[in-house]
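Biologist: I should be grateful for a close look at one part of this protein, the sheet and what surrounds it. Please take me through its arrangement step by step.

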Amino acid sequence: MRLPVCNFDIESDMLCPNCQAKLDRGEITEFDIQFSKWLLEKEKQYPSLDGLTLRKAATAGSRLILVVNKKNKEILLAEEALMQEITDEYGEIIIIEGAPKLRRIVREFITPANEVGVNSLWSPDGTKENIVMLRVEDRERIKYDNDELREIISAIMGESVLFEYQDDRRKPEQDNEEPDAFDEKMKNLTERRF
Ligand SMILES: [Zn+2]
């Protein structure tokens, strides 16, 4: 099994300089390490895990996100007892195959709807913010609400991904209310860029 950290690091309970640097840069997280350790232990019981490459593990609310190599989803799905163990321990499992590309991932979760557009902005601190615009008439067709989409897709991508229905900001009743989170975010991002 290939994991986001070296198997040796997990077995020795200490990160090598390479993995430590990845952790410091945020390329891997404490959760990647924690979950890798748990899963490596399970390989004894489920030898087919030997063929698995886990690229990333993350939590999104009560869900567990696993990013694995192409054609690796089957390895996990074939082990029904393991899938149950993972669910009991970590929550509903979402498995993504291959390097996550934002538009492909977004479409997987909003199908049969399509996004209107994606804006990506870099803040001066080097973090990326993405805003996905959706059609308001698709709201009923998308099985996740905005917060769930944000939580899940941000966890998969490892960067902030916000969702906004296109005419949310045109509702006249909102005019006299506080500016919504999206406007606020856009304003902050714009200001930060100068
Ligand atoms: Zn290492």
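Modeller: The account below begins with the sheet, then turns to a helical residue and to confidence. The model is a predicted one. Three strands make up an open sheet, in the order β4-β5-β6, and their pairing is mixed. β4 (117–122) and β6 (160–165) stand at the edges; each has a single partner strand, so one side of each is left without a neighbour in the sheet. From one strand to the next, the twist averages 20°. In general, strands of a sheet pair through backbone hydrogen bonds, in either a parallel or an antiparallel manner. Here β4 and β5 (residues 128–134) run antiparallel and are joined by 6 bridges. Within this pairing, V118 stands opposite V132 in β5. Helix α6 (residues 102–110) packs on the sheet and touches β4, β5 and β6. The direction of α6 makes about 40° with that of β5.

E148 and A60 are 88 residues apart along the chain, and their C-alpha atoms are separated by 8.1 Å.

As to confidence, the protein chain has a mean pLDDT of 90, with 86% of its residues reaching 70 or more. Confidence is highest in helix α5 (residues 80–90), at 98, and lowest in helix α8 (residues 181–192), at a mean of 63. Where pLDDT is low, the predicted coordinates should not be read in detail.

Definitions and conventions. Residues are numbered from 1 along each chain as its sequence is written. This is a predicted model: local features need pLDDT of at least 70, side-chain atom pairs count only at pLDDT 80 or more; totals for chains, interfaces and linings use all residues. Two strands pair if DSSP finds at least two bridges between them. Helices (H or I, at least four residues) and strands (E, at least two) are DSSP runs, numbered from the N terminus. Axes are lines fitted to C-alpha atoms, for helices over the stretch in contact, and angles run from 0 to 180 degrees between N-to-C directions. Two residues are in contact if their C-beta atoms, placed from the backbone, lie within 7 Å. pLDDT is the predictor's confidence in each residue, from 0 to 100.
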